Amino acid sequence: DSMARDWLGLEWSAFYHLPAQHMPSVAGVYRIKQENKLVYLGQSSNLKNRIRAHGKSSRFRNCDISVAAMPHADSHQLKEREVDLIGCYFMTYRCPPRQQYSPKP
């Protein structure tokens, strides 16, 4: 279940409405949902800054975000985990999350 708190063995936070104010300034992965469906999966070396940027985007208006901190992960490990998340989502739903590869507005 891609919405579960333990999806793929990670410890996911609760979902918070974007722009989420109290996110950690650590490395990790995140998932964005809209109307109870994931629309984007990502990774960042600084979750707070990345989530702030998403919160300003019209692309993610009326969305919620959940994070899984990976404070000791190297950049290549974050990218691998993001690919794992997208791949698992694709295997389950036979398509990528709706906003994953759409052009930025």
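Which residues form one aromatic cluster?

Guide: Tyr30, Tyr40 and Phe60 form one aromatic cluster. The model is a predicted one, in which local features need pLDDT of at least 70 and side-chain atom pairs count only at pLDDT 80 or more, while totals for chains, interfaces and linings use all residues. Residues are numbered from 1 along each chain as its sequence is written, and side-chain values use heavy atoms, with hydrogens and water left out.

Rings of Phe, Tyr and Trp (its six-membered ring) pair if their centres lie within 6.5 Å; planes under 30 degrees apart count as stacked, over 60 as edge-to-face and the rest as tilted. A search of the whole structure finds four aromatic pairs. The rings of Tyr89 and Tyr93 have their planes at 40° and their centres 4.5 Å apart, so this pair is tilted. Both tyrosines belong to helix 2, four residues apart, about one turn of the helix; helices (H or I, at least four residues) and strands (E, at least two) are DSSP runs, numbered from the N terminus. Tyr89, at 2% relative accessibility, counts as buried, whereas Tyr93, at 39%, counts as partly exposed (buried is under 20% relative accessible area, exposed over 50%, partly exposed in between, with a 1.4 Å probe and protein chains only).

Four strands form an open sheet in the order 1-4-2-3, with antiparallel pairing, where two strands pair if DSSP finds at least two bridges between them. Strand 1 (16-17) and strand 3 (37-44) stand at the edges with a single partner strand each, so one side of each is left without a neighbour in the sheet. Seven bridges join strand 3 to strand 2, and within strand 3 the bridge partner of Arg31 is Leu41.

Not counting residues up to four places away in sequence, Glu82 touches Val29, Leu41, Gly42, Gln43 and Gln100, contact meaning heavy atoms within 4.5 Å. Val29, in turn, stands opposite Ala68 in strand 4.
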